[in-house]
Amino acid sequence: MSDKDSSFPAEPVEFSVDLTGHEMTRRAHVMNALGAEWDPVAVMRGEEEAYDLLYSGLDAEQQRLYDSLVEAGVLPRRA
């Protein structure tokens with residue numbers, strides 16, 4: 001191609017795509033896949049129970065490491 005080829009603009013061209021409609025469709029498919037019986041509150045309770053179990057029964061070294069990660073802000077402080 002030569003520099004004189006006029007099929008391409010000399011300056012950048014504004015280009016944008018609005019994905020709002022696609023995002024709404026994607027969200028509708030996700031909610032449909034979750035089903036009507038999906039309970040987000042129960043899911044959150046289950047996650048809290050899993051974290052409680054995960055961080056229970058730590059030995060002294062594990063507890064020390066856990067505490068240092070909480071202090072550093074890597075892990076959230078748990079009640």
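Student: How many aromatic pairs does the structure hold?
Tutor: Two aromatic pairs. Keep in mind that this is a predicted model.
Student: Take Y51 and Y55. How do their rings sit, and how far apart are the centres?
Tutor: The ring centres of Y51 and Y55 are 6.3 Å apart, and the planes are at 0°. That angle is under 30 degrees, so the pair counts as stacked.
Student: And the rings of Y55 and Y66, what is that pair called?
Tutor: Tilted, because the planes of Y55 and Y66 are at 40°. Their centres lie 4.7 Å apart.
Student: Where do Y55 and Y66 lie?
Tutor: Y55 is in the loop between α2 and α3, and Y66 is in helix α3. The pair therefore ties together parts that are 11 residues apart in sequence.
Student: Which element holds Y51?
Tutor: Helix α2. Y51, Y55 and Y66 form one aromatic cluster.
Student: Is Y66 buried or exposed?
Tutor: Buried. Its relative accessible area is 13%, and the cut-off for buried is under 20%.
Student: What about Y55?
Tutor: Y55 is partly exposed, with a relative accessible area of 24%.
Student: And Y51?
Tutor: Y51 also counts as partly exposed, at 38% relative accessibility.
Student: How far is Y51 from L75 in space?
Tutor: 11 Å, C-alpha to C-alpha. In sequence, Y51 and L75 are 24 residues apart.
Student: New topic, the helices. How many helices and strands does the chain have?
Tutor: Three helices and zero strands. From the N terminus, the order is α-α-α.
Student: Why is the chain described as more spread out than a compact globule?
Tutor: Because its radius of gyration is 26 Å, well over the 12 Å that the globule rule gives for 79 residues.
Student: What box do the C-alpha atoms fill?
Tutor: Roughly 75 × 40 × 20 Å along the principal axes.
Student: How much of the chain counts as buried?
Tutor: Of the 79 residues, 3%. The chain exposes about 7400 Å², with carbon and sulfur atoms supplying 59% of that area.
Student: Back to α2. What span does it reach?
Tutor: Helix α2 covers residues 40–54 and reaches 21 Å from first C-alpha to last. That is close to the 21 Å expected for its 15 residues.
Student: What does D39 do at the start of α2?
Tutor: A side-chain oxygen of D39 comes within 3.2 Å of the backbone nitrogen of V41.
Student: And α1, which residues are in it?
Tutor: Residues 20–34. Helix α1 has 15 residues and spans 21 Å, close to the expected 21 Å.
Student: What follows α1?
Tutor: G35, whose phi is positive, near 90°.
Student: Last one. What is the average pLDDT of the chain?
Tutor: The average is 90, and 92% of the residues score at least 70.
Student: Where is confidence lowest, and where is it highest?
Tutor: It is lowest in α2, at a mean of 94, and highest in α3, at 96.

How values were computed. Residues numbered from 1 in each chain as written. Predicted model: local features only at pLDDT ≥ 70, side-chain atom pairs only at ≥ 80, totals over all residues. Heavy atoms only, no water. Helix = DSSP H or I, 4+ residues; strand = E, 2+ residues; numbered from the N terminus. Expected span 1.5 Å × (residues − 1). Polar contact = N/O pair within 3.5 Å; in protein donor to acceptor, adjacent residues only side chain to side chain. Phe/Tyr/Trp six-rings, centres within 6.5 Å; stacked < 30°, edge-to-face > 60°. Buried < 20%, exposed > 50% of the residue type's maximum accessible area, 1.4 Å probe, protein only. pLDDT = per-residue confidence, 0-100. Rg over C-alpha atoms; globule rule 2.2 N^0.38 Å. Areas by Shrake-Rupley, 256 points an atom, 1.4 Å probe, with all protein chains shown as cover.
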